[in-house]
Amino acid sequence: MSILVNKDTRVLVQGITGHEGLFHTQQMLAYGTNVVAGVRPGKGGEWVLDGKVPVFDSCRAAVEATGANTSIIFVSAAFAPDAIYEAADADLPFIVCITEGIPVQDMMRVRAYLDQKGCRLLGPNCPGVLTPGEAKVGIIPGDIAIPGNVGIVSRSGTLTYEVLYALKLAGMGASTCVGIGGDPINGTDFIDCLDMFEADPYTEKVVLIGEIGGTDEEKAAQFIARHMTKPVVAFIAGQTAPPGKRMGHAGAIIEAGSGTAAEKIQALEAAGVRVARHPEEIPELL
Amino acid sequence: MKLHEYQSKQIFARYGIPIPGGRVAATATEVRQIAEELGGRVVIKAQVLVGGRGKAGGVRLAKTPKEAEEVATQILAMEIKGLPVRKVLVDPAAHIEQEIYLAITNDRTARRPVMMASAAGGVDIEEVARTAPEKIIKIHIDPLLGLRDYQARDIAIGIDLSRDYWKSFLEITRGLWRAYVECDATLAEINPLVVTKEKRLLALDGKMLLDDNALFRHPDLAEMRDVDEEAPAETEARKYGLSFIKLEGNIGCMVNGAGLAMTTMDIVKLFGGEPANFLDIGGGASAEKVAAALRIILSDTNVKAVLFNIFGGITRCDEVAKGILAALAEVKPQVPMVVRLVGTNAEEGRRLLADAQMITAQTLVEAAQKAVAAARR
């Protein structure tokens, strides 16, 4: 009852021996995620977390030995593009990149390359994906969400946690929660996720969490109007953001008067989406 | 990060783009010397990181070194959109026959670089985009292939550039592409690129924006940052790895995560308050970072209340609480403070703050309402 990841997902962690990589591998395992391998060039043959996860020198070797089918990347920004290329060339069909701060020109090249390879990237600069009760491939705290029928897609991290938590307090659960990340150029976008939620029999309603910058929310609104039969509720952050300033996320910036919260809210409302004034209003609107 | 005109043109020159042979100066006396060395008429241009310098009177012509000194004295005493003019660029005046707009930037929607050009150069290109978009030629560039010469020729044809200039136009486009790629620019713009009476192409003005995320591999460019041109609090925040933007309101906000930080500002406004800032302390915020953040918020004398909104994930609420206590001991704030801790180790965090005389809140709405009420008191 999910999209992208479930209990059968076999996860490979790139950068598993780093501080973040090790901590979150532990968290993912504790959640019940099937983490089958780690990669750290130069440490192949070792094991981490009390012998739970084998480490390999390369993605190719890890995939051959373990049958991993999803990669998650905790590699610093300078080396993350290489990690993505490596995962793509090892024919991993789904790659989640948590790393924040990858230069945008690197991401344009990565995206152009991945489009040719036909594999799916989630992120970068994202919290990953959580299918409550089945698997978490990312850093979303597992205890703030319960299984349910609401699909969630978001450009943000902690704001998503806020929404999951508000849903949980209202007794509502999530089918899958996807963080697509706050960078201007990313892999999976709103439309990809809306499309998957529309096709997922276990998702009955969808929450879309957007923010200022770019036109992805407007494109999502068009898609919703034309293709979605399931109800969508949205929230857009940054109504008070001044133009020309980057609000933390590399992609959260109003440029040349475009990308404002008001435009996005208008486009979504025109597509029949109910837009919440604040996150705690979302459960009511659902 | 924005570069000044003179810095952008220095970079262009390194990539073989012809620029006027001017120099930058900080005093009127230097301007006079430069004008004497250059000989002939000069243009004196205020170097501030905002648009509309020309309209504000920050770009002026001088016929003699004496006039140059007088004009420079006036420009160096100016403020343009709130920014004092600290430097001027002194360029030899060009004899202009035609003005072209030429730029490379990131097209976020197409997910690739785009080269844009217009025969209507020398004016505000956003204005042209609004009123006469057909006058702007756009060609997308495959980031894996780079700019191809035929694409640059298509641009030259599109803007009706005389064939006499194609060769030198192609050299300029190649240089601009290399400057854009090798500096990790998000914008490399020549406006105007002029055809002179002497039948040469010349980049009269230049503007570059650089990707902050790429500065780690460009230490030389990172040093070009002009900290005089930004709010001191923003410089201080960057030192601690905090993302901070000053706003006009009176409720200071400290939040973890950019999306939640924007949402916190929005909800303060929704309940009748005005946020004083955007501040994201980031993931896994340490006590030291929290203390620095509180100092920065309170350095704004408009702040009448502070709202802490922490949703613990990787960030642990007890760690943030310790940071708040350390900061309180150091800064001794006189304004009321509202705190909301949720998520990882929230109870431990609340226990630590129990004696700190802070106003506590459970929900986001409650936190916003209490902060707005506290700021009015």
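**Starting from one loop**

Modeller: Let's begin with B:Asp160, which counts as exposed because it has 9 C-beta neighbours inside 10 Å. The scale behind that word runs as follows: a residue is buried with 20 or more other C-beta atoms within 10 Å of its own, exposed with 12 or fewer, and partly exposed in between, the C-beta atoms being placed from the backbone. Bear in mind that this is a predicted model, in which local features need pLDDT of at least 70 and side-chain atom pairs count only at pLDDT 80 or more, while totals for chains, interfaces and linings use all residues. Residues are numbered from 1 along each chain as its sequence is written, and chains are lettered from A and ligands numbered from 1 in the order in which they are written.

Although B:Asp160 is not a glycine, its phi is positive, at about 60°. The residue sits in the loop between α5 and α6 of chain B. These labels come from DSSP runs numbered from the N terminus: helices are H or I runs of at least four residues, and strands are E runs of at least two.

Now look at the two helices on either side. In chain B, α5 (residues 149-158) and α6 (residues 166-182) pack at an angle of about 120°, and their axes are 10 Å apart. Each axis is a line fitted to C-alpha atoms, for helices over the stretch in contact, and the angle, from 0 to 180 degrees, is taken between N-to-C directions. α5(B) and α6(B) are therefore oblique to each other; angles under 35 degrees count as roughly parallel, over 145 as roughly antiparallel, 65 to 115 as roughly perpendicular, and the rest as oblique. The crossing of α5(B) and α6(B) is right-handed, the name used when the near helix is turned clockwise from the far one by less than a right angle, with left-handed for anticlockwise.

Which residues make this meeting? From α5(B) come B:Asp149, B:Ala152, B:Arg153 and B:Ala156, and they meet B:Trp166, B:Phe169, B:Leu170 and B:Thr173 of α6(B). Contact here is between residues whose C-beta atoms, placed from the backbone, lie within 7 Å. The residues of this contact divide into 5 nonpolar, 1 polar and 2 charged; Ala, Val, Leu, Ile, Met, Phe, Trp, Tyr, Cys and Pro count as nonpolar, Asp, Glu, Lys and Arg as charged, and the others, Gly among them, as polar.

Of the 152 residues in the largest nonpolar core, A:Ile73, A:Ile95 and B:Leu279 touch the most other members.

B:Gln357 is found in the loop between α12 (346-353) and β18 (359-360) of chain B, and it is exposed, with 9 other C-beta atoms within 10 Å. A cis peptide bond, with omega of about 10°, joins B:Asn191 and B:Pro192, and B:Pro192 belongs to strand β10 (residues 185-196) of chain B.

Stepping back, chain B has 13 helices and 18 strands, and its C-alpha trace spans about 75 × 50 × 40 Å along its principal axes. Of its 377 residues, 46% count as buried. Among contacts in chain B with a separation of 6 or more, 70% are between residues 24 or more positions apart.

Finally, there is the partner chain. Chain A has 46 residues in contact with 45 residues of chain B. On the side of chain A that touches chain B, the elements giving two or more residues are α4 (104-117) and α5 (158-169) of chain A. The largest share, 7 residues, comes from α4(A). By class, that side of chain A has 24 nonpolar, 14 polar and 8 charged residues.

Note on methods
Contact = placed C-beta atoms within 7 Å. Core = buried A, V, L, I, M, F, W, Y, C linked by C-beta atoms within 7 Å.
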